[in-house]
Amino acid sequence: QGLRLLNPLGAVDARTEMTVAEALDGASVLGLYFSASWCGPCRSTTPVLASAYKTLRASGKSLQLLLVSSDRSESNFEEYRRTMPWPALPYGGILSAVLSEQYRVTGIPCLVLLDADGRLISTDGVRLLRKHARAFPWSVALPPQTPHVHPLYERLLRLTPVDAGRPQDLPSYTPVDYLQQPETVTDLRLAIDSIRHCDRLCTLLAVQSHTIKNTAFLKVALIQHTFTVLLPMPAPEGSDEAPSCIWRTKMLYAKQLDLLLLLQRITEHFAASVFSLDHTRPLDALRMVVPFAIAAVADVVMRQVATDIPSEVCKYLCGFTIGSGALARQSAVVPVFTAELNTARCRVLDYFAAQDALPHIFPWDRTEKFDQQTVAWTAKISKPLAFPKDTGSLSQYMTDPFALMTKNFPEFGAFRDIIFYAKMFLNPDIRRFPSKSQWSQRDAHLKWSFAANEGRFIVQAFGDFSLSARPKCKRGEMPPTCRIGSLAEATVYTMP
């Protein structure tokens, strides 16, 4: 509605424009002529169509054609349409492209014929006008209805054309090659390559769930293999192995930051995947050990002082520790079904046991409040940087992604999230975990806030579900000690 067509040049009507209703008045067949002056076949076809058009119109046939031009300049368009006795769409605009796509015009010249109801007669109108003009209006007879010949098949008989709609690209598939992981890791370069491949493969699996089945299980298996079989766990500080530990290789700040961001993404992949699977005994051991193995790698990387411009967050972490939390107590009663997983658990416990005398930060398994040691660490970081050190500012550093701390030191937020997940997976209260669903890495991203009136942190993910590393008990209720009871404990069936 409102579209104005260009009157054919040399028409009896002196007006330069006409409405669509005037152009189509009484027409039983409408032809959309896709053409252009720069096209040689178009220039030779146009006089033939013009002759057939005039002959049909003179014999009283209600045919109307409409030029849909693909000319590259308005002057060429105006000169070209002088050779045509039919109206034209105005030059420019997107209508010509829309019509080309709708009728799947792949080349010119092309004449699309429509009946009075807008139904498609043919996209080969040039041939019909040149060789079958006497068959005007070229109506296609409906297929005969013969239900007596094909009983019960009348539902399959299509009496009207079927519009399949616009073509759409099918989802692509990129192969997931687990063999990109090295066979062994002997230095820091291979370790970083292994972690990067793990992150990329997890992302490939996550975005191709439409073609790959059991993506959550495959991601968990890949991350478990990477951190319990492939990568060596960091050696305890002060041990004989410490000087040769690959994680204590000198590194630049950019490499240090890159590693921590990779570990944060892998932790989110792991959390989303394990909460998409059933809670079983073998998976329970994985939930405990693998996040702390990632946390141990993140901790040793954070403690390195970069050789170029070291981060204050990393420099002052050396005087504190995150501790192993309840890993020893919780994992003691959980069956570990693979030797590699059990070895990784022991190595992680040894690593954090060497730091046990240091003040503990991020004690999420004991309190959700802003504890004194974490306050001391953030204040120590803020002092040489002239950051505000009042309690409100320090708590904001922990929660606001745009505050000074996280904005200037992205490794701070990555380290905080990795440690929170490591301690959250040790929570003996399974009710504090989100319910099983098809979670994605985005769902596992932690959102932090601080309730000033209660003085505690609130952590949410998985659809605003409140996460906690501590069991939730009613008054007078004893907190659970483990998520799944030990197989070594006597049950009612074995009691005398």
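Where is the place of Pro109? Pro109 lies in the loop between helix H4 (95-102) and strand E5 (110-115). Helices (H or I, at least four residues) and strands (E, at least two) are DSSP runs, numbered from the N terminus. The peptide bond from Ile108 to Pro109 is cis, with omega near 5°.

The model is predicted; local features need pLDDT of at least 70, side-chain atom pairs count only at pLDDT 80 or more, and totals for chains, interfaces and linings use all residues. Residues are numbered from 1 along each chain as its sequence is written, and side-chain values use heavy atoms, with hydrogens and water left out.

The protein chain holds 16 helices and nine strands. Its radius of gyration is 36 Å, well over the 23 Å that the globule rule gives for 496 residues, so the chain is more spread out than a compact globule. The radius is taken over C-alpha atoms, and the rule is 2.2 Å times the number of residues to the power 0.38. Along its principal axes the C-alpha trace spans about 105 × 65 × 50 Å.

Of the 496 residues, 45% are buried. Buried means under 20% relative accessible area, exposed over 50%, and partly exposed in between (1.4 Å probe, protein chains only). The chain exposes about 26,400 Å², and carbon and sulfur atoms supply 55% of this area. Accessible areas come from the Shrake-Rupley method with a 1.4 Å probe; for residues, only the protein chains shown count as cover. Among contacts (heavy atoms within 4.5 Å) between residues at least 6 apart in sequence, 69% join residues at least 24 apart.

Charge was examined next. The chain carries 53 positive and 46 negative charges, and their mean positions are 3 Å apart. Lys and Arg count as positive and Asp and Glu as negative; His and the chain ends are not counted. The place of a charge is NZ of Lys, CZ of Arg, CG of Asp or CD of Glu.

Pro137 sits in the loop between helix H5 (125-131) and helix H6 (188-207).

Two residues other than glycine have positive phi. Arg104, with phi of about 55°, is in the loop between H4 and E5. At 47% relative accessibility, Arg104 is partly exposed. Ala386, with phi near 65°, is in the loop between H13 and H14. At 66% relative accessibility, Ala386 is exposed.

Helix H14 (residues 391-399) has Ser393, Leu394, Ser395, Tyr397, Met398 and Thr399 as its buried residues. These pack against helix H13 (372-385), helix H15 (404-408), H16, E7 and strand E8 (456-461).

Asn427 lies in the loop between helix H16 (410-424) and strand E7 (447-451). Asn427 is buried, with a relative accessible area of 0%. Its side chain reaches the backbone oxygen of Ser468 at 3.0 Å. The side chain of Asn427 also reaches the backbone oxygen of Arg470 at 3.0 Å. Residues up to four places away in sequence aside, Asn427 touches Arg432, Phe433, Ser468, Ala469, Arg470, Pro471 and Arg483.

How values were computed
A polar contact is a pair of N or O atoms within 3.5 Å; within protein, one must be able to donate a hydrogen and the other to accept it, and residues adjacent in sequence count only if both atoms are side-chain atoms.
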